[in-house]
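Subject: Structure handover

Hello,

Here is the structure I said I would pass on. My notes on it follow below.

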Amino acid sequence: MGMDPWSPFREVMADPLQWARSWKDRTGGKVIGHLLPDVPEEMIHAAGALPLALEGARVTASKAQASLPGYTCSHAMGLLEMGLAGQLDFLDGLIIPYVCDTTRNLYHTWSHTFPQSRHEFLRLPKRLYHPSAREYLRAELDRFGEALGRMTGRYPSLENITLSLSVYQKSRSRLRKAYALHRERPSIWTWERVNLLMASAMKAPREEHLSWMEKLPWEIDQGRKPNGRVPVYVRGKIWDPPGILEMMDELGLLVVGEEMVCGFRSIAGDYGQGDPLEALVSRLISLPLYPGYHDEPGRIVQSFLDRVQESGAKGVIFLNPKFCEAAGFDLPDLQKALEKEKIPALVLETSTRGVSPAQIRVRLEAFREMIGEDLL
Ligand code: SF4
């Protein structure tokens with residue numbers, strides 16, 4: 001019997017930190033961790049290091065609670081917890097992006113707690129649609145390149161960034177194909193599997209990941225058509241609690257669109273024209289606005305509604321991280337707009353602190369029954 005083509009991805013995701021640590025031991029390469037979202041992995045790749053996406057959600061916090069306020073989201077709290085537990089000691093550097101006040105506070109706490117470690121704050125612009133955002137981001141990426149050079153000993157040259165962009169382009173187009181196949185053949189391309197691919201792409205070397213993907217069953221004719229599945233759109237940050245991807249598959253929910261930072265956001269957007277840094281700027285600016293970025297409220301709502309309607313979803317699930325102010329601010333306007341369009345919505349709050357997966361399953365099941373009545 002041949003090897004299961006999904007197993008390399010599962011090996012990475014079984015314990016991503018351990019996997020990266022052994023990759024480093026094996027190859028002598030450098031590993032740069034980056035908190036999601038929106039750190040340009042391509043530049044880390046061009047600096048000759050492995051970009052390792054980190055998400056703190058799903059980590060049970062204990063020590064970190066002494067350093068961060070109790071109302072900090074699990075994503076930020078979990079990262080500090082991993083640091084305090086020594087799990088990130090093998091990193092050659094850590095990048096924390098400016099997404100919201102929480103990540104800014106996290107960066108300062110990190111600097112204070114680990115003054116000897118190499119870490120950098122990526123100052124992403126908050127108003128991506130401001131006329132000067134492009135120029136600002138370009139300058140920030142230049143500065144980021146210098147910082148990466150200090151961390152890795154290899155400055156990411158424009159030539160090397162160009163090569164990295166082409167690797168990432170190929171990888172993202174494969175991943176988008178997998179994403180599309182979930183709609184066509186969800187019995188083979190389950191939601192759990194598609195996310196396994198997207199999440200592991202941000203933790204394993206891209207070239208290797210691409211070669212693993214070549215061995216997957218891409219033939220379009222496999223698997224059953226998605227009869228009886230209920231199309232939903234999901235807005236959130238991280239797939240949390242653990243097991244939620246499998247839950248979506250088991251409950252017959254067909255994810256036709258989502259905005260997760262470890263999901264579609266990581267494979268969306270195309271590089272624009274110009275030199276490679278300009279290309280990166282164009283991609284970042286073209287991504288759907290993530291909570292924490294600012295725009296004119298009417299535009300945030302309308303573009304969200306457009307994405308939901310284009311996806312053909314029968315309902316929207318909000319997977320809001322507990323204590324995420326940014327997601328909380330947007331929610332009432334988005335809910336009102338959905339209500340006006342008669343699109344049902346379910347709001348779930350996720351956190352490693354006090355949210356039960358069993359409860360989430362019950363609520364998802366009830367929502368599926370409500371919106372999928374005519375499909376049963
Ligand atoms: S945007 Fe929300 S979930 Fe993300 S780091 Fe900030 S508070 Fe946490």
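Predicted model: local features only at pLDDT ≥ 70, side-chain atom pairs only at ≥ 80, totals over all residues.

In which loop is the place of P241? P241 sits in the loop between strand 5 (230-236) and helix 10 (244-250).

Overall form

The protein chain has 15 helices and eight strands. Its radius of gyration is 20 Å, close to the 21 Å that the globule rule gives for 376 residues, so the chain is as compact as a globular protein of that length. Taken along the principal axes, the C-alpha atoms fill a box of roughly 60 × 50 × 45 Å.

The chain is divided into two parts: domain 1 covers 7-159 and domain 2 covers 165-375. Their C-alpha centres are 22 Å apart. To the contact, domain 1 gives 46 residues and domain 2 gives 54 residues.

The size of an interface is often given as the accessible area lost when the parts come together. For domain 1 and domain 2 the buried area is about 4800 Å², with 64% of it on carbon and sulfur atoms.

Polar and charged pairs also cross this interface. The rule finds 16 residue pairs in polar contact between domain 1 and domain 2, both residues being at pLDDT 80 or more. Nine salt bridges are found across the interface of the two domains.

On the side of domain 1 that touches domain 2, the elements giving two or more residues are helix 1 (7-14), helix 2 (16-27), helix 3 (41-46), strand 2 (49-54), helix 4 (74-84) and helix 6 (133-152). Helix 6 gives the most to that side, with six residues. By class, the side of domain 1 that touches domain 2 has 29 nonpolar, six polar and 11 charged residues.

Salt bridges

In the whole structure, the search finds 22 salt bridges. One of them joins D92 and K24, with N and O 2.8 Å apart. D92 lies in the loop between helix 4 and strand 3 (93-97), while K24 lies in helix 2, so the pair ties together parts that are 68 residues apart in sequence. Another pair to look at is E42 with R172, where the closest N and O atoms of the salt bridge are 3.1 Å apart.

Backbone points

Most residues other than glycine have a negative phi, and most peptide bonds are trans.

- L36 and P37 are joined by a cis peptide bond, with omega at about 0°. P37 is in the loop between strand 1 (30-35) and helix 3.
- D38 is a residue other than glycine with a positive phi, near 75°. The loop between strand 1 and helix 3 holds D38.
- D240 and P241 are joined by a cis peptide bond, with omega at about 5°. This is the P241 of the opening question, in the loop between strand 5 and helix 10.

Regards

Conventions: Residues numbered from 1 in each chain as written. Heavy atoms only, no water. Domains from an automatic or database assignment. Contact = heavy atoms within 4.5 Å. Buried area = accessible area lost by both parts, 1.4 Å probe. Salt bridge = Lys/Arg side-chain N within 4 Å of Asp/Glu carboxyl O. Polar contact = N/O pair within 3.5 Å; in protein donor to acceptor, adjacent residues only side chain to side chain. Helix = DSSP H or I, 4+ residues; strand = E, 2+ residues; numbered from the N terminus. Nonpolar A, V, L, I, M, F, W, Y, C, P; charged D, E, K, R; others polar. Rg over C-alpha atoms; globule rule 2.2 N^0.38 Å.
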